[in-house]
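Dear colleague,

Please find below the structure that I am handing over to you. My findings follow directly after it.

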Amino acid sequence: MTELLLQQAINWITLGSIYALLALGFSLIFGVLNVIHFSHGDVAMTAPFIALAGAQALAAVLGAAAPAWLALAVIAAVFAVGLIGVVLDKAVIRRFRDAPAMMALVATVALGIVIRELIRHLYPQGSNPHAFPRLIGGVAFDVAGVPVSWFALAVVGLTALLVGLLFGFLHLTPIGLRIRAASQDRVVARMMGISDGRVFRATFLMASSIGAVAGLLFASYAGVTRFDFGVMAGLIGFSAAVIGGLGSMPGAIVGGLIIAGIEVLAQTFVPEGASYRLVFVFMLVIAVLIFRPAGLLGRTILEKV
Amino acid sequence: MLELADVDTAYGAAPMLRNVTLNVRAGELVCLLGPNGAGKTTTFMTACGVVRAQRGKVRVMGNDVAALGTEKLAALGVGLVPEGRRLFPGLTVIENLRLGYDAVSNRGPKFDLQLDKMSNLFPRIRERLRQTAGTLSGGEQAMVALARALIGEPKLVIMDEPSLGLSPKLIGEYFEITQEIHRRGTTVLLIEQNAEMGLRIADRGYILVKGRVAQEGPARELLSSKTAKSLYL
């Protein structure tokens with residue numbers, strides 16, 4: 001029993017970290033633009049496809065497949081997805097920042113469909129699942145007979161590092177200060193010489209890059225990626241952000257950990273729980289929206305959702 | 001410094017300003033007065049480009065504000081104090097002031113010097129620098145909002161009803177500081193409801209009624225004018 005609990009605790013922290021990274025993007029974008037970017041999950045899940053395509057292209061050009069190619073392609077995918085986020089913001093999302101919430105919802109859902117269909121049609125055999133390797137293999141150490149993988153350690157370490165970097169960026173740099181100011185009062189931010197465009201670019205670059213890391217870790221955790229993984233990644237990331245409180249960075253982390261905790265508990269203790277673990281997750285989302293619409297640590301979202 | 005020429009504005013179908021012409025020359029302290037709903041805040045928002053004029057021109061230091069954009073005004077040397085202070089409530093006082101300073105230009109180490117100056121001008125905020133702005137009292141927020149506009153040493157300051165909600169003692173203090181800023185050479189457009197105090201420190205004044213300029217002239221004349229008296233005094 002102890003071993004089972006330990007194993008599930010490791011799974012919980014690993015999965016919770018990935019969900020927290022997904023939720024951070026939603027919260028960051030909502031915090032600054034007041035728009036819920038429903039295609040954020042789809043943007044994040046383009047990263048594994050870009051990494052796979054990049055690794056294959058490097059192998060074709062430079063020689064046999066090598067782990068180094070995948071590592072390079074993974075890094076390139078993070079930057080590429082960051083740029084994709086910036087382009088999507090400029091082309092589509094920022095146009096809806098002052099529009100009724102329903103318009104932003106429809107536009108970002110439609111954008112998600114466009115992204116998924118583009119992957120399906122442009123990526124070779126895009127409708128099929130594609131194997132995605134564990135980015136880091138092997139066992140780091142045992143705790144009471146339960147192996148702790150390097151991958152799990154890397155996921156938790158990378159999440160902590162990214163959260164720390166994001167916090168430092170927002171609180172210690174001039175552009176971070178401007179982003180926080182614009183998220184509180186965009187009109188007065190403009191009076192203080194803060195350009196909306198720069199703030200939005202920086203926000204989308206960060207949110208989409210962090211989303212890309214989450215997408216890569218998600219695919220690596222599952223061992224596979226599919227063109228429609230973005231739907232689930234988006235729903236879970238959004239739900240985690242809602243549970244924690246949209247716009248709240250700590251809330252995103254708490255929300256990610258809560259959702260992963262419910263999934264793991266359902267799989268472990270409920271008979272056939274793996275099949276309907278999401279029922280528990282989304283029941284919690286509904287409960288939070290009914291009883292605490294601002295989320296556990298967030299500000300109210302009644303007007304925009 | 002600031003010129004509104006034949007400006008009309010509207011919120012949707014509701015007209016707000018009609019044919020408003022207003023000038024603030026370099027070195028002047030001009031007071032814009034008007035009762036509630038006269039269009040004072042709309043004038044402020046139009047002057048800083050947040051609300052677009054449907055007709056007419058708004059120029060700041062010869063630049064067309066519509067073409068320039070609100071975010072470029074600070075770099076020209078315009079300090080803005082919006083109605084209700086509108087500090088960034090989740091940021092500390094020092095962060096609010098830093099934004100005001102950086103808005104003019106990023107002048108690095110001089111910030112500490114300017115911060116010292118502001119702390120001398122507004123002793124009340126010296127002890128509050130590390131405090132979150134949203135937790136300050138109304139009077140302290142009013143001082144920080146003015147300090148935020150002044151810390152970059154602007155050439156022109158536009159203030160929208162800064163005395164609103166302040167105690168009589170604080171109002172007096174606030175008007176003294178405004179007068180002091182003007183004495184040091186800063187051009188000021190003071191948008192106010194407190195006609196008597198506003199006109200006592202102003203060079204010239206405008207009275208706005210139902211979106212139109214009902215009267216304008218030297219502050220002393222306005223103080224004794226029938227329009228001003230019927231509205232305020």
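In chain B, 66% of the contacts with a separation of 6 or more are between residues 24 or more positions apart; two residues are in contact if their C-beta atoms, placed from the backbone, lie within 7 Å. For chain A the corresponding share is 73%.

The model is a predicted one, in which local features need pLDDT of at least 70 and side-chain atom pairs count only at pLDDT 80 or more, while totals for chains, interfaces and linings use all residues. Residues are numbered from 1 along each chain as its sequence is written, and chains are lettered from A and ligands numbered from 1 in the order in which they are written.

The two chains

Chain A contains 12 helices and 4 strands, and chain B contains 11 helices and 10 strands. Helices (H or I, at least four residues) and strands (E, at least two) are DSSP runs, numbered from the N terminus. The C-alpha trace of chain A spans about 60 × 50 × 35 Å along its principal axes, and that of chain B about 45 × 40 × 30 Å.

The radius of gyration is taken over C-alpha atoms, and the globule rule is 2.2 Å times the number of residues to the power 0.38. For the 305 residues of chain A, a compact globule would have a radius of gyration near 19 Å, and the chain agrees with its 19 Å. For the 233 residues of chain B, the rule gives a value near 17 Å, and the 17 Å of the chain agrees as well.

Of the 305 residues of chain A, 45% are buried; in chain B, buried residues make up 47% of the 233. A residue is buried if 20 or more other C-beta atoms lie within 10 Å of its own, exposed if 12 or fewer, and partly exposed in between, with C-beta atoms placed from the backbone.

The contact between the chains

Chain A contributes 14 residues to the contact and chain B contributes 19 residues. On the side of chain A that touches chain B, α7 (174-184) and α8 (186-191) of chain A each supply at least two residues. The most comes from α7(A), with 5 residues. By type, this side of chain A has 8 nonpolar, 3 polar and 3 charged residues. Here Ala, Val, Leu, Ile, Met, Phe, Trp, Tyr, Cys and Pro count as nonpolar, Asp, Glu, Lys and Arg as charged, and the others, Gly among them, as polar.

Domains of chain B

Chain B is divided into domain 1 (1-77 + 156-164 + 185-233) and domain 2 (85-154), with bounds that come from an automatic or database domain assignment. Taken over C-alpha atoms, the centres of these two domains of chain B are separated by 25 Å. Their contact takes 7 residues from domain 1 of chain B and 9 residues from domain 2 of chain B. On the domain 1 side, α3 (73-76) and β7 (156-160) of chain B each supply at least two residues.

Sheets of chain B

One open sheet has 4 strands in the order β2-β1-β4-β5 (chain B), with antiparallel pairing; two strands pair if DSSP finds at least two bridges between them. At its edges stand β2 (14-24) and β5 (63-64) of chain B, each with a single partner strand, so one side of each has no neighbour in the sheet. Strand β4 (residues 55-60) of chain B is joined to β5(B) by 2 bridges, and B:Arg59 has B:Asp64 in β5(B) as its bridge partner.

A second open sheet has 6 strands in the order β6-β7-β8-β3-β9-β10 (chain B), and its pairing is mixed. Strand β3 (residues 29-33) of chain B runs parallel to β9 (residues 204-209) of chain B, and 4 bridges join them. One of the pairs is B:Cys31 with B:Gly205 in β9(B). On this sheet packs α7(B), which touches β6 and β7 of chain B.

A residue of helix α7(B)

Helix α7 (residues 138-150) of chain B includes B:Gly138. This residue counts as partly exposed because it has 14 C-beta neighbours inside 10 Å. Leaving aside neighbours within four places in sequence, B:Gly138 is in contact with B:Gly165 and B:Leu166.

With kind regards

Methods:
Axes are lines fitted to C-alpha atoms, for helices over the stretch in contact, and angles run from 0 to 180 degrees between N-to-C directions.
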